[in-house]
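Here are my notes on the model you sent over. Have it open beside you while you go through the points.

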Amino acid sequence: MDKTIYKIRGNVFFKLGIYILVAVLAYGTLYTGGLVLQGSYLGVYSDDDQGATPYERLVNDYVEDTNDALTEKVKAYIQDTRSQLESITTYNQLVSADHNGDMVITADDVFRRLTNADTTSAIKSSYRYEDMSERGDIGYMLTASCSDDTNVSINNGKIKVTTGNIKLINDDARLDDNIYTNDYDSTIEVPVKRYIVFDKQSDMEQGEQYINALLGNYDPYYDEYIYNEEYEESDTVEADTDSVLTADGKSITKQDIMYGDYYPSSVEKLYLDEADDSGSSSGKVYCLVLSYDAYSFINITGKCYVDVAAAVDNIKASNPEMVQYIGRWRTKSKGILAGFAVMLLLCIVMSIFSMVNAGVKTGKETITLGRFERTPTELVLAMTVCSVAAAVGICVESGIASMCVNQYRNYTFVSENIQYIAFLVPVACLYSVALFFFNNIVAKVKAGTFFADCLIIRALKWIARKTKACFRYVKSHMSLTQKGVWAYIGITIVEIIFVAILAAGSMRGLLWVVIYIILKWLCIVGIVAYLIQTQELYKCAKEMAEGNLDRKADTSKMFWVFRAHGEHLNQIRDGMSKAVEARMKSEHLKTELITNVSHDIKTPLTSIINYVDLLQKDDMDEKTRQEYIEVLSRQSARLKKLIEDLVEASKASTGNIQINWAEIDANMLLEQAVAEYEDKLANAGLKVVFTRSELPAVIRADGQHLWRVFDNLLCNISKYAMPGTRVYASVIIDDRKTRIEFKNISRDPLNVSSDELMERFVRGDSSRNTEGSGLGLSIANSLCTLMGAKFRLSIDGDLFKAVITFDCGTPQKKTNC
């Protein structure tokens, strides 16, 4: 039963069905959740209709619109007053606008023109005033004050106007929880301008030159103007102020052109009409207008006091559809809430079940991770976060929450909004995808591979291993580097102290000290690496000199020329090892040569001695004596042949043989040799297959020596080839080379290598019971070498193959070999 359950739980389609079901449940949860959010916003889950959010929002919208409309009217009234003061065309207008007589027009001058009566008239001209008065659920109060961003004194008076339901503004009414306020703050900027009046145009122009001269020494912008001990009174511009007189006969000074701490940002000429008592123009007034980057302000605050209960009653009376809409909601609210609870519970249960089922494979009762579940932990976490972020992004960008709370404006349920329903589908799918990746993490936790599959952990472990290995490597090579490193560190400390003393008190100097320390430590690292590599090369060379040819330089941690030097040492080691191996092999062959020579000479010599001893006896008939003499003759000839072959082999190996070069037809010479041995090979039960080359095979060689090579090979074939088999003799031309090949099947197993067969006194049978000296192949190899040819043997099982290769020209253009 348990195996069947695990088989079902591990099935891929079963898991896929779980995720699809989770996506459906998530969609249902979001669908009903949006309805619950809309119902909560409408206040259908409370017993008080007045607490419904749509009523509160409608009240807020009504109050804000009223406050904005009334305050904007007052603001327009103040802006008109400001515009009147800025459009000065006559001297009388200037005098009238300047209330305090300082010839500076600021917000204070605008503010003094405002009256409570005019402000009230502006408020009553608003289209919302009459509606507010009829409803009686709002009390409105407006206050205005004046301020300045300089140190110049300004009027601190206020304008205060109340209208609407004034009872709501009283202090006692403000203590009622059913009353709240709504504020609207606004600021009107009034630029500061100073007017300097002159009787003469020449005085005005001279005054302009004087002011510009002052502005040439001082920055006209207050933000960049700094007054300190470097600027004293003696540094100011000395001008002939007696000749620069204003209309009242005063001279212009620096204080006359400044406004607080501000210098003028610009100077303009203005020509005003001067009117007499009857109002007609009587001449021109010359004026300089100084503008500043300073501003003065008129601050406006509009405040509404609202009776919420009365406002809600008014909204209900004017909006019966809203009342009916909320009534419908109340009848369905409980069913919607229950549906949401069920969907949410099922979604949570199935999500938890998918987590419990994470890591389960078909037929296995233990947690088993598949290929996908071995994905790096960081990647899975990133995919989980991205899925959740994408779902949240869709919710935010699409405004799903806003759809829920604003759907009441259409008197419909949010579930009737097609756009809302469409946006829920990808959100639900992304939740299922996020759960899928999260279950991957859960499976890793169950299997205990959460940290093992983490790339960061792997990287940290790798760094830790490499760091430990580096320290161990440095520690193992400290014998050579210790003195150099400590000496360098001591010198560096002295240099740092000296540099720090020179750089004391300077931030830039301290920065250079830090850079110097970093560079020094980099030098230490480089020196340590240099000494470690040098020590490794030193140890390797020393041990090799002492005879340890197995010592090899470790070049894995070396670089640049050190690595090349280490590889050269290793190559020397390999070369010396090969030389020693070749020397040992040569000594071994010498020993075998002596043994074989001794055996091959001793055998016929012993036979000769024994038969001579027998012949010396008198009691022997003539027939027996003749038989002994034949044996002596045969053994003597064998010994003679052995000695001649040994001498010839020695001459051939040392090159002490004369070579008579001639152009020889390899096809013809091989065919003659095969014909010579045809009978002998036939008696041995062998059939010769001779193959000529298609083209003439002309080679440069010594005919007598080449014949001896053929003779030795065919002789060996007649002795050692298996009877009843074929012998192949071929001449082949390819790639500007002529190859002469002999192939046969060996009668006895070849238990020696091809290289050993070409050594002197080596035979195909290790028992050495057959005839021959074992010098034939050695002589053939030496003669081929003397003629510039390559002699090669190959053994493949019982197949014996001898190949002689000459370098030749093409048949059309013969060249010497």
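This is a predicted model: local features need pLDDT of at least 70, side-chain atom pairs count only at pLDDT 80 or more; totals for chains, interfaces and linings use all residues.

1. Residues are numbered from 1 along each chain as its sequence is written, and side-chain values use heavy atoms, with hydrogens and water left out.

2. The lowest mean, 61, belongs to helix α1 (residues 2-9), and the highest, 93, to strand β11 (residues 737-745). Residues 219-243 stay under 50 in pLDDT, and there the model has 28 contacts beyond four places in sequence; a contact means heavy atoms within 4.5 Å. Residues 277-281 also stay under 50, with five such contacts.

3. On the overall build, I get 25 helices and 13 strands. These are DSSP runs numbered from the N terminus, with helices being H or I of at least four residues and strands E of at least two. Of the 817 residues, 38% count as buried, where buried means under 20% relative accessible area, exposed over 50%, and partly exposed in between (1.4 Å probe, protein chains only). Among contacts between residues at least 6 apart in sequence, 76% join residues at least 24 apart.

4. Have a look at helix α2 (residues 12-42). Its 31 residues reach 45 Å from first C-alpha to last, close to the 45 Å expected at 1.5 Å a residue; the expected span is 1.5 Å times one less than the number of residues. Just after α2, Gly-43 takes a positive phi of about 75°.

5. Now Ser-351, in helix α12 (residues 320-356). Is Ser-351 buried or exposed? Ser-351 counts as buried because its relative accessible area is 4%. Leaving aside residues up to four places away in sequence, Ser-351 touches Val-22, Tyr-431 and Leu-435. Ser-351 and Asn-439 are 88 residues apart in sequence, yet 9.3 Å apart in space, C-alpha to C-alpha.

6. Next, the charges. The count comes to twelve salt bridges, each a side-chain nitrogen of Lys or Arg within 4 Å of a carboxyl oxygen of Asp or Glu. Arg-135 pairs with Asp-137, their closest N and O atoms being 3.3 Å apart; Arg-135 is partly exposed at 25%, whereas Asp-137 is buried at 0%. Arg-739 and Glu-741 meet at 3.2 Å, N to O, and Glu-741 is buried at 6%.

7. The bridge I'd point you to is Asp-453 with Lys-444, at 2.9 Å, N to O. Asp-453 is buried at 0% relative accessibility, and Lys-444 is buried at 0% as well. Bridges with shared partners join Arg-374, Lys-444, Asp-453 and Arg-458 into one network.

8. Last, the surface. Which residues make the nonpolar patch of about 700 Å²? They are Leu-511, Trp-512, Val-514, Ile-515, Ile-518, Leu-519 and Leu-522. Patch residues have over 30% relative accessible area and no salt bridge, with like charges joined within 9 Å and nonpolar side chains (Val, Leu, Ile, Met, Phe, Trp, Tyr) within 5 Å. Trp-512 lies in helix α18 (residues 507-545) and counts as exposed because its relative accessibility is 55%. Areas come from the Shrake-Rupley method with a 1.4 Å probe; for residues, only the protein chains shown count as cover.

Terms used:
pLDDT is the predictor's confidence in each residue, from 0 to 100.
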